[in-house]
Amino acid sequence: MVVTWSRFLHHHHLNHSPNLPMRIGSGDPKQQLNELLHDLTLEEDDIKGELEWLKSEGKQSERRVDDWLNKLQQLRNKVGDCLNLAMGAVHYFNENHPHYLTQIQQLTAQVIKLKKEKPVVLSNEFVGEDFERNVKSMQKLVGDEEVFMIGIHGMGGVGKTCLATYMETQIIRKGTFNCVIWVTVSREYSISKLQEDIARRIGAKLNGDDDERTRAAHLSSALSEKGKWVLILDDVWKFIDLKKVGIPRCRINGSKLIITSRLKHVLRQMDCPTSNIITIYPLSCFDYSTEGLDLFLLRLGEDYKTPATLSPRILEIARNIAWECGGLPLAISVMARTMKGVDNIHQWRHAMNKLKRGEMVGEMEEEVFQVLKASYDNLTHKSMQNSFLQCALYSEFWKDDKIIMNLVDSGAINGRSRLDAIFDEGHTIFNELEDHSLLLRFGDMQNSVRNMACYILKESERLIVRCGKELTGIPHLQEWTADLELVSLDRNMIKEIPAGISPNCPRLSTLILSSNCISSIPECFFTHMKSLAILDLSHNRRLTSLPDSLSDLTCLVSLLLHECYALAKVPPLGRLQKLSRLVISQTKVEVVLGLEMLTNLRWLDLSFNKKLRLESGRVLRGLTNLQYLNLFDATLLNVEIEDVQGLTTLEYFLGGFNDCKSCHNFVAGIWSTGSASALKSYLLYLGSLDNSRWIFESYHRIGPGGNDHQILHLLDGEESPHLLPKDLTKISIECNPRWKSLCDALSNITPSSLENIQIERCTEMKSVLCSFGNCSFCSNLKNLQSLQLYHLESLTVICKDVTATDTTTQSLKPNAVFSQLRNLEIFNCNEIETLVTAGLLPQLQNLQTLIVESCESLREIFAAGSSDADSDDAASTVITLPNLTSLDLCNLPMLETVCKGIIISESFPKLDILLCPKLESRSPFEVSSSSFTSST
């Protein structure tokens, strides 16, 4: 028994248009509009009450509140006029009555929209769109009877207590709770002290001689007697066992527990649902935003009510000061307070320059630095603290792998582990730093936090850190002192290093000059930097060459030259025996001398150097400690099996070959000799990258930061049998004009791990596979899950030599070629007329998604029988595709039918059909009765 398409619609179809406004009950549209307008008037009264209270407090509201009230008045007038005219049209049977009904419907939508836009009434002391958004979220959670615990999370000084204080005031004013209790917990809390503080706030007495459990019971009883309460625990630093304290989880009467903390994991440990945690971020500091400046001017003005008025020159300095504070309200407020009454431009510039240098003195040290440093002090391990300090050396986190490997280079992470373990530790560090509010979203670091980190670093070592300060030159030579250990000038606008400059910095270990505009470096610049271990010159796109003195930096552990597009010359590196990470990518470099002598290399990236030529035997044989090797878009020549047999620690590889012999020798050397035991993820390719459309998508998937992939791209290759890696999961074939099928070219034993086949622009390919189990390629293809076919001009059938059989009785063989296929895509294959033949259908029991587009000759998707079968027999044929969930058909001008028979599936697939003018209107899909019963 089956349930038909029409019966399914009868049970499940919803007659609703998303374009219509929300319906409020049923009945007269005019009455509904009046009811909505009445509700909006109540909202208006609520806002006016808030405004009166603000006025009584001597505070000013924000302008958008008045704008909303004006919109409401205008809309009220429109509604009144429309309803009057509509009533007249009904009374006199006016032909315009339908028009007024449409207008009523439109006004109803406008009323609903205006109600959703109702602003929170805030005084102008609260700056930033996020604050209003957070207040609305808090109001919603506080008003939800099912919510007990609410968390407010954010870095120190960002405004957690400010939001909680605002909510406390509003809750008390509105009188919706019997009791509001505020307790500041802080870092050095104890259960007994917390019990005493809560008891004192509610007027209860606890016996100091009682044990903890007895006191908890008395406190719980005292709280319950208060009825519906709100308890605010401010500045929580570690897990609090509510039961031991005596705080009941009163979901029944709607009581609330509000917790503010800069530690998100503490909120999670206390079982605060993620949906109930509001994270507060610093004010926006982008060029188009004035939030930071607005707060600065407000705090600079009188009584925090009227923004200060400054001269244009000082105003520009104030803007820079607000930006240097990174949107942190605490830092902005403190700086504004220190500048009150100052009208001397020299003092303003001096204050700005100190901020740019990361100096925290006076009130900034006492009130900002100490507040932020508390988060640093709370990090449990010294290694975590060191990692945080290292993160402060870069202005932005563009790539996780770079920062994680920087932590390895600096010693914050042990580099003697597998890369997956290293990256697991690195991401754990990032997550913990974010939980501690020391990193913001997307791994960025707030300016004041970076200044705090630099301040801490200065206590133990001499440094210069000026990231993102728009510097046009390096610091003056006098600042390059003999005890200097660390310099980071990342992301500035430094154009040149003066000729002849040679800083005497024998202890300097880290030099970061990345993301600048440096075009050349003087020969003598590195002469007195013999201890240099980390040198990052990446993203200097005008840099053309490096001085020969670089060859003498024998302590170098990490040399980074990524995206130095103009770089054509690198001095010999053979003496840099301690080098463990070398990145020379996206340059014009043609040769890297001494590479084969760097036997301690673990990470080597020479990608996107089109002119680079590497002799495999001379380079690879000595690099037996490599864990990561990226030679993508660089040429590796004359590979022999012996060249790669020593790469037993290699975990990630990206690279390609111009000739079949080198490719086969690489595969044989890595996989046939057991060298691939450590290899987790790779991208191999044969042929020219110019012929590939998909390989760059594959490129970004390979690396320690993501999932493991084993991918081979064959580009414009020969039709000779190719040796495939034993653990291959995806193969992509592009622009092979001679291949007639995969089986002819890949007749060696297929890895059973192969899951994805992608073929594009193979002009002579007439079939994808020969037939089921008749060749070594097909016979071992048991786990294929995705097949993607694009621009195959000669393709007439997916599998040749497959005879049609009775599709109603043929059972699925467990090891059939397509038995695991879930995704099938075919685009621009103009010779194929029937996509899935009758003989192929029984194998598609696991097919979930089918996408067919721009196949000019295609007439039929699923064949219900052989080509010479009687049409009546075909129409009565029943086939099963139980797992099909999505069918997309687009631009198929000759398509006549999806299937002449009946297709039984577990549920109706999602259909997306466009530009198929000849397609019959009859739906072939029916749902099995068991599926329908379970769904209803």
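Rings of Phe, Tyr and Trp (its six-membered ring) are taken to pair if their centres lie within 6.5 Å, with planes under 30 degrees apart called stacked, those over 60 edge-to-face and the rest tilted. The legends describe a predicted model, in which local features need pLDDT of at least 70 and side-chain atom pairs count only at pLDDT 80 or more, while totals for chains, interfaces and linings use all residues. Residues are numbered from 1 along each chain as its sequence is written, and side-chain values use heavy atoms, leaving out hydrogens and water.

**View 1. A cluster of rings around Phe608.** Ring pairs join Phe608, Phe632, Tyr685, Phe696 and Tyr699 into a cluster.

**View 2. The ring pair of Phe126 and Tyr166.** Among the 22 aromatic pairs found in a search of the whole structure, Phe126 and Tyr166 form one that is edge-to-face, at 5.4 Å centre to centre and with 80° between the planes. Phe126 is buried, with a relative accessible area of 14%, and Tyr166 also counts as buried, at 8% relative accessibility; buried means under 20% relative accessible area, exposed over 50% and partly exposed in between, with a 1.4 Å probe and protein chains only.

**View 3. Charged side chains over rings.** Arg187 lies over the face of Trp237, at 5.0 Å from the ring centre, and the charged end of Lys228 sits over the ring of Phe177, 4.8 Å from its centre. A charge is said to sit over a ring if NZ of Lys or CZ of Arg is within 6 Å of the ring centre and within 35 degrees of the ring normal.
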